Structures are given as C-alpha cells and as structure tokens.
Amino acid sequence: MLKSPWARFYSNSCCLCCHVRTGTIILGVWYLIINSVVLLILLSALTDPDQYHLTSAELGGEFEFMDDANMCIATAISLLMILICAMATYGAYKQHAAWIIPFFCYQIFDFALNTLVAISVLVYPSTIQDYLHQLPNNFPYKEEIMSVNPTCLVVIILLFISIILAFKGYLISCVWNCYRYINGRNNSDVLVYITTNDTAVLLPPYDDPVNGAAKDPPPPYVSA
C-alpha cells in the first residue's frame, strides 16, 4: 500500500488521551488565558507607569526597561494574539478549518524564531556571556550562572532549547492534524441529491483496503 510520506505523521489523537480537535481547543484556550493575563499586566502598566517603570540605575545599564512606545506595541501584539487564539478555538469547536490557519502560522513563526535562537547560540556561544554581563547586578543567581563553565552552559542551554523545540513541534503537529481532520471531514460529507420522484445517494471515492488505491464509488442507488 502506497502512502504519502506525511501520512505517517497523521493521527486523530494527541497526548495519548484526547482527540486532536479537543487538544486544539485546549491549546487555544490556554494561549488565550496567557495572552489575556499579559494584556491585563500591560494595560495596568500603561495606566500606572510609575509602578512598573524601572530606571537605568535599577537595571544597571544605560537603557530603560520599557518605554511607552514599546508598551503600546506589546499591547497591540497581545490583542492580535488573543484574536488569533480565539479564532483557533472557535474554528476547532465549530469545525471551520480556515479559522485554524492563523494560529498554525503563528506556531510556525514561533518555532522558526526559537530555531534561530538555537542556531545563534551554537554558532556564537560567546553571546551568552555577553548577555549575562548585561544583566542587572541584583539579577537572581547571576553570579552562580556566570561561574559555570562556558561550554557546559552552552550545552545546557542548547538542551533546554531542544526540549522546547520538540514540544512546540509536537503541538504544531496536533494543530495540523486537527486542520486535516476537520478539512477532510468537511470534504467527505455524503452528497444527497433529491429529485422529484427518485432519490439518489452519491458516495465519495474510497480507498480500497486490499490494493491501497482510490476506487470510484458504486453507482448511485435509485429508488422508484
């Protein structure tokens, strides 16, 4: 039986216990909650800047933690993410495959960014030490982290990023399988044509379990 190379990655279950549609809904709600909390924090920071404002002296550098322009950009991104997550949740619940595409594209973009971070750490390992030196002096465990061997630190960071990438890749496959499931279910609906005196049922093409090839459906059943 000939199968597509991508068919081996297709499954209707995720996390070994639930359907991909249920998993996509849970994932969309989880991202929706996280981005809603972030949005509330950003809005509270905009309404009371003094509470979340960190000066350059507190950071031990020559820059401010976040100005008003960056806060507005972060707020707009949070609103966009809430919209995308809500679309994915609604699309999985109502079985509208097109509504899941923006969330899937976001996952691909996020996976690509994390991959670039892993590559940059692998190619330029000295950037880790430079980043640690830029951290504030009161940053928790800064001295302990800087005392670790640079090679071991790079290996630990790469291992941590690899675990994150593997988990993100699994979530991407769950959302993609949900999209395929909904799209395939919508396309394989039975078409019923009702005429004046006759009733014909037209079945879609099906896979032959013996030869593994798609066969034409049997002729429509017509009842007088």
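This is a predicted model: local features need pLDDT of at least 70, side-chain atom pairs count only at pLDDT 80 or more; totals for chains, interfaces and linings use all residues.

**Stop 1: the annotated segments.** Start by colouring residues 29-46, 73-93, 100-125 and 145-167, which an unreviewed UniProt entry lists under "transmembrane region". Over residues 29-46 the chain is 100% helix and 0% strand, with the end C-alpha atoms 25 Å apart. Residues 100-125 come out at 88% helix and 0% strand, and there the end C-alpha atoms are 37 Å apart.

**Stop 2: helix α1.** Select residues 20-47, which make up α1. Its end C-alpha atoms are 40 Å apart, in agreement with the 40 Å that 28 residues should span at 1.5 Å a residue. Now show the side chains of its buried residues, among them Tyr 31, Asn 35, Leu 39 and Leu 42. A handy reminder while you look down the axis: an α-helix has 3.6 residues a turn, so residues three or four places apart point the same way.

Next, click on Ile 41, also in α1.

Stop 3: Go to Gln 95, in the loop between α4 (68-94) and α5 (101-123). What should you check on its backbone? Phi of Gln 95 is near 60°, a positive value in a residue other than glycine. Gln 95 has a relative accessible area of 19%, so this residue is buried, the cut-off being under 20%.

**Stop 4: helix α5.** Carry on into α5, whose 23 residues reach 33 Å from first C-alpha to last, close to the 33 Å expected at 1.5 Å a residue. Pick out the buried residues here: Phe 103, Gln 107, Asp 110, Asn 114, Ala 118 and Val 121. Keep Gln 107 and Asp 110 displayed, as both come back at the cavity.

**Stop 5: helix α8.** Select residues 150-187. This helix has 38 residues and reaches 54 Å from its first C-alpha to its last, close to the expected 56 Å. Zoom in on its start, where a side-chain oxygen of Asn 149 reaches to within 2.9 Å of the backbone nitrogen of Thr 151. Thr 151 itself is found in α8 and is exposed, with a relative accessible area of 54%.

**Stop 6: the cysteines.** How many disulfides are there to find? The count comes to zero. Have a look at Cys 85 anyway, buried at a relative accessible area of 0%, and then at Cys 174, buried at 7%.

Stop 7: Rolling a probe the size of a water molecule over the atoms shows where empty space is left. The structure holds one cavity of 30 Å³ or more, and the largest cavity has a volume of about 40 Å³. To find the spot, select Tyr 31, Gln 107, Asp 110, Lys 168, Leu 171 and Ile 172, which line it. Which helix gives the most to this lining? That is α8, with three residues, while α5 and α8 each supply at least two.

Notes: Residues are numbered from 1 along each chain as its sequence is written. Side-chain values use heavy atoms; hydrogens and water are left out. UniProt positions are given in the numbering used here, feature names are shortened, and annotations may be inferred rather than shown by experiment. Helices (H or I, at least four residues) and strands (E, at least two) are DSSP runs, numbered from the N terminus. The expected span of a helix is 1.5 Å times one less than its number of residues. A polar contact is a pair of N or O atoms within 3.5 Å; within protein, one must be able to donate a hydrogen and the other to accept it, and residues adjacent in sequence count only if both atoms are side-chain atoms. A disulfide is a pair of cysteine sulfur atoms within 2.5 Å. Buried means under 20% relative accessible area, exposed over 50%, partly exposed in between (1.4 Å probe, protein chains only). On a 1 Å grid over the protein atoms alone, a cavity is a set of points where a 1.4 Å probe fits but cannot get out, and a pocket is an open set with protein on both sides within 12 Å along at least five of seven lines; lining residues have an atom within 4 Å of a point. Grid points are joined across faces, edges and corners, and a volume is the space filled by probe spheres set on the points.
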